[in-house]
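Thanks for coming. I'll take one structure today and go through it piece by piece. Have a look at the sequence and the model first.

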Protein chains: 2
Amino acid sequence: MSDQRVVRPTPISGFPEWTPQVRAVEQRWLDHIRAGFESFGFASIETPSVENLDVLMAKGETSQEVYTLHRLQADAKDDSDARLGLHFDLTVPFARYVAQHFNELTFPFKRYQTQRVWRGERPQEGRYREFTQCDIDVINVDSVPLHFDAELPRIVYRVLSGLDIPAWTLNVNNRKVLQGFYEGLGVKDPIAVIRAVDKLHKIGDEGVREILEGEGLTAEQIDPCLALARIRGAGVIEQVRALGVVSELLEEGLEELAFVLDDLADLPEGSVVADLSIARGLDYYTGTVYEASFDDDPGYGSICAGGRYENLAGQFIRKRLPGVGISIGLTRIFAKLVAEGRIEGGRICPTDVMVVVPSAERRADALRTGELLRERGFNTEVFHSTAKVGKQIQYAAKKGIPFVWFPPFEEGGEHEVKNMAQGEQGAADPAVWSPAT
Amino acid sequence: MSDQRVVRPTPISGFPEWTPQVRAVEQRWLDHIRAGFESFGFASIETPSVENLDVLMAKGETSQEVYTLHRLQADAKDDSDARLGLHFDLTVPFARYVAQHFNELTFPFKRYQTQRVWRGERPQEGRYREFTQCDIDVINVDSVPLHFDAELPRIVYRVLSGLDIPAWTLNVNNRKVLQGFYEGLGVKDPIAVIRAVDKLHKIGDEGVREILEGEGLTAEQIDPCLALARIRGAGVIEQVRALGVVSELLEEGLEELAFVLDDLADLPEGSVVADLSIARGLDYYTGTVYEASFDDDPGYGSICAGGRYENLAGQFIRKRLPGVGISIGLTRIFAKLVAEGRIEGGRICPTDVMVVVPSAERRADALRTGELLRERGFNTEVFHSTAKVGKQIQYAAKKGIPFVWFPPFEEGGEHEVKNMAQGEQGAADPAVWSPAT
């Protein structure tokens with residue numbers, strides 16, 4: 001070993017990394033999510049990790065979080081990288097993608113996109129600098145049927161209920177209900193109220209009241225705003241109407257919300273719930289909004305969020321492209337379970353069977369047996385040396401490999417297989433063997 | 001539509017992006033590669049996209065290509081990002097990972113890693129700034145059996161021969177053969193000769209001769225060096241010996257090379273071929289080296305490369321961790337086929353069946369049918385509005401959905417399914433239907 005200086009590697013804060021066993025579970029999650037998205041007909045896209053800064057900044061927001069790229073020893077003549085930034089979500093890249101490939105896409109375009117995103121924010125519980133999001137969106141020219149607003153929570157329900165995670169609830173609301181209600185109350189700037197109500201779960205009634213007072217709302221306006229935010233669960237439509245506020249936009253929103261809830265009536269009670277406190281601070285949502293969190297830890301933040309937008313790609317193309325989308329915060333969910341020790345069970349390696357190599361002379365035979373088992377769908381390792389058989393079996397035990405295969409130790413002999421969990425060993429034919437028999 | 005300024009999106013040079021149809025094929029490739037790696041018992045890991053710069057630079061190389069991260073509006077008090085760079089390969093992150101997680105891993109550790117990497121080099125044919133690599137490596141404490149040197153080409157053969165790509169050859173050599181041969185010739189700096197021979201396919205015999213003359217080699221030394229580089233295919237061991245050069249290291253290398261070739265003797269002729277001109281410029285290779293290229297376009301560069309290294313993680317941990325690895329250049333292969341128009345056939349969407357919604361009243365029934373078909377493994381869309389049936393069928397045709405399902409148009413009616421390719425329509429039960437019948 002050389003005496004060179006050793007750079008001791010340390011974890012980088014905000015950039016999670018898993019052991020192979022944990023990664024095996026994450027991969028299973030990703031497969032499950034993908035299968036769920038595809039089962040509803042969503043097509044996969046991926047975009048580059050970077051966008052031009054003018055694309056990332058088209059909405060003029062979040063600039064503080066953007067990581068820009070620089071070459072370590074930049075060639076002054078070539079500054080083509082200087083305007084590149086890592087994407088901080090998958091919505092902006094999706095909007096840009098749709099505009100750029102408009103003539104190559106078939107609408108309504110239903111896409112899913114599972115990629116890493118980067119945000120240069122201070123790492124803290126549930127907040128990472130690099131994390132994976134799983135997004136689904138439907139986008140169309142001019143209008144998007146309301147049915148999709150109901151389909152997305154259905155997909156999220158199917159996907160999340162197939163993962164072994166703590167109880168969660170997907171809350172649904174409609175921005176038109178909020179905005180129409182505030183307008184009906186004679187509020188001048190309904191968006192400011194939406195932003196305040198969005199903070200309700202963090203700052204409470206009194207905090208929201210204070211902001212609204214600052215916005216010039218009267219107690220007669222603030223009280224119904226807070227009453228609206230308390231409405232949740234069954235019969236929300238009637239409860240809102242009972243508050244006696246009337247506006248055209250409110251009525252439109254209530255009808256949309258009722259349609260979505262009705263379409264999801266077959267899902268188990270409590271999985272998708274109307275919650276009039278859900279506001280989603282982002283300006284581009286215009287109708288249905290979604291937000292899911294863990295029932296026993298709502299303060300952890302949303303594990304899934306989205307909504308309807310009237311015109312997502314307007315910055316990039318002169319077409320009206322409304323849509324509705326939802327994003328599952330894979331890393332946020334997964335990392336919490338890892339931190340709490342709930343993710344443990346992954347396999348050390350994907351090997352189903354390890355083939356023993358009896359001797360150097362019989363290695364070719366062992367390799368053939370390995371190929372045969374692989375063709376039959378078993379992940380198969382042929383042992384990597386001609387160590388003593390006991391040592392080979394020890395390796396299989398150490399790696400958690402469930403079956404050890406013994407090809408004939410001499411020409412014309414029998415194949416045998418050992419079940420490592422039970423220790424049983426018996427004759428078997430690699431061309432027909434099944435672990436179940 | 002608002003009159004706001006439109007930022008016309010344009011492709012970013014060196015950052016490939018695919019349409020959904022092309023992406024569908026790429027995803028199938030990734031699945032195939034992953035299944036191939038796992039079928040040999042390799043476990044998946046992923047590492048963050050960034051490493052600390054002192055980790056990336058531990059070998060003191062390639063600094064020009066590294067992209068560093070900066071926050072657009074950096075907080076002067078928090079410069080914790082200032083030392084981060086995007087990884088430019090998966091070998092350095094793997095070495096760091098093994099050192100960092102040494103006590104959590106089971107050795108020999110067989111891992112695969114399929115991730116994007118970034119290089120700030122000038123984009124050109126076959127060279128990208130962001131691309132996906134598929135790496136497999138075996139790493140162990142103190143020593144790694146030579147059997148793994150043979151297993152890796154076997155895996156690459158299984159993986160690449162399952163992809164519809166132009167003819168390729170995986171060339172194998174051993175650095176000990178080269179170094180030992182040059183030493184046997186009395187050459188002072190064998191590594192310099194290796195670096196020169198590595199350029200043979202680009203600069204030809206005369207170009208190499210010129211470099212070697214510059215290194216002070218005599219014609220009596222240069223001629224055998226070039227003769228060695230011409231040896232290829234069957235009987236290489238004998239052909240090398242026939243050149244009459246003798247050294248201990250050469251003999252060791254020939255034995256290793258013979259072992260690897262012998263172990264792969266069952267693979268089809270011409271798939272894995274000994275080629276004494278393969279040198280691999282990188283300093284850390286010490287034994288077996290691999291390099292694959294397209295037979296009809298060798299100038300496109302290597303599509304797969306790797307080799308054995310005596311101590312990969314020495315910069316990060318005071319242990320000897322030799323290994324052997326190989327990397328498939330997924331993007332390099334795939335992007336070439338896309339550019340040549342060879343990748344076309346992907347589906348527009350993964351939907352197998354589209355369920356018609358006969359009317360608003362019967363939508364719940366259509367949703368139930370959709371759930372039933374999904375449970376049975378069919379990717380199923382329930383149409384997203386109550387448009388006329390003809391319009392719903394048009395949508396399915398436009399999206400290339402192979403089957404359209406008609407739930408009963410009235411209570412107690414029959415389900416029917418239409419095969420879109422043949423236009424046939426007949427009664428079917430969603431609980432037992434199979435497209436094959």
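Let me start with a question: in which loop of chain A does A:Pro108 lie? The answer is the loop between α3 (91-100) and β5 (109-118) of chain A. Before I go on, note that this is a predicted model, and every value I quote is computed from it.

I picked that proline for its backbone. The peptide bond from A:Phe107 to A:Pro108 is cis, with omega near -5°. Chain B has a cis peptide bond as well, joining B:Phe107 and B:Pro108, and there omega is about -10°. B:Pro108 sits in the loop between α3 (91-100) and β5 (109-118) of chain B. As background, most residues other than glycine have a negative phi, and most peptide bonds are trans.

A:Asp142 is not a glycine, yet its phi is positive, near 75°. You will find A:Asp142 in the loop between β6 (130-139) and α4 (147-160) of chain A.

Next, the sheet in chain A. Eight strands form an open sheet with mixed pairing, and the order is β1-β5-β6-β11-β10-β9-β7-β8. At the edges are β1 (43-44) and β8 (272-274) of chain A, each of which pairs on one side only. Inside that order, β9 (residues 285-294) and β10 (residues 304-309) of chain A pair in the antiparallel sense over five bridges. To give one position, A:Tyr290 has A:Gly306 in β10(A) as its bridge partner.

Now the two chains together. How are chain A and chain B related by rotation and shift? A rotation of 180° with 0.0 Å of shift along its axis superposes chain A on chain B, with an RMSD of 0.0 Å. The two copies are therefore related as by a two-fold rotation axis. The surface used is the same in both copies: 99% of the contact residues of chain A recur in chain B.

Which residue of chain A comes closest to the rotation axis? That is A:Leu69, with its C-alpha at 2.6 Å. A:Leu69 also stands opposite B:Leu69 in β3(B). The strands concerned are β3 (residues 67-71) of chain A and β3 (residues 67-71) of chain B, which pair in the antiparallel sense over five bridges.

As for the extent of the interface, 111 residues of chain A are in contact with 110 residues of chain B. The area buried between the two chains is about 9,700 Å², and carbon and sulfur atoms give 51% of that area. On the chain A side, A:Glu17, A:Leu72 and A:Arg318 lose the most area to chain B, but together they make up 7% of what that side buries.

What about charges and polar groups? There are 16 salt bridges across the interface of chain A and chain B. One of the salt bridges in the model joins B:Glu46 to A:Arg23, with the closest N and O atoms 3.3 Å apart. Between the chains, 46 residue pairs are in polar contact. Helix α1 (residues 20-39) of chain A gives the most to the side of chain A that touches chain B, with eight residues. The residues of that side divide into 43 nonpolar, 32 polar and 36 charged.

Last, salt bridges over all chains: the structure holds 70. Within chain A, A:Glu206 forms a salt bridge with A:Arg209, and the closest N and O atoms there are 3.8 Å apart. How far apart are A:Glu206 and A:Arg209 along helix α7 (residues 200-214) of chain A? They are three residues apart in that helix, so about one helical turn separates them.

That is what I have. Happy to go back to any part of it.

Notes: Residues numbered from 1 in each chain as written. Chains lettered and ligands numbered in written order. Predicted model: local features only at pLDDT ≥ 70, side-chain atom pairs only at ≥ 80, totals over all residues. Heavy atoms only, no water. Contact = heavy atoms within 4.5 Å. Buried area = accessible area lost by both parts, 1.4 Å probe. Salt bridge = Lys/Arg side-chain N within 4 Å of Asp/Glu carboxyl O. Polar contact = N/O pair within 3.5 Å; in protein donor to acceptor, adjacent residues only side chain to side chain. Helix = DSSP H or I, 4+ residues; strand = E, 2+ residues; numbered from the N terminus. Nonpolar A, V, L, I, M, F, W, Y, C, P; charged D, E, K, R; others polar. Pairing = 2+ DSSP bridges. Least-squares fit on C-alpha atoms with pLDDT ≥ 70 in both.
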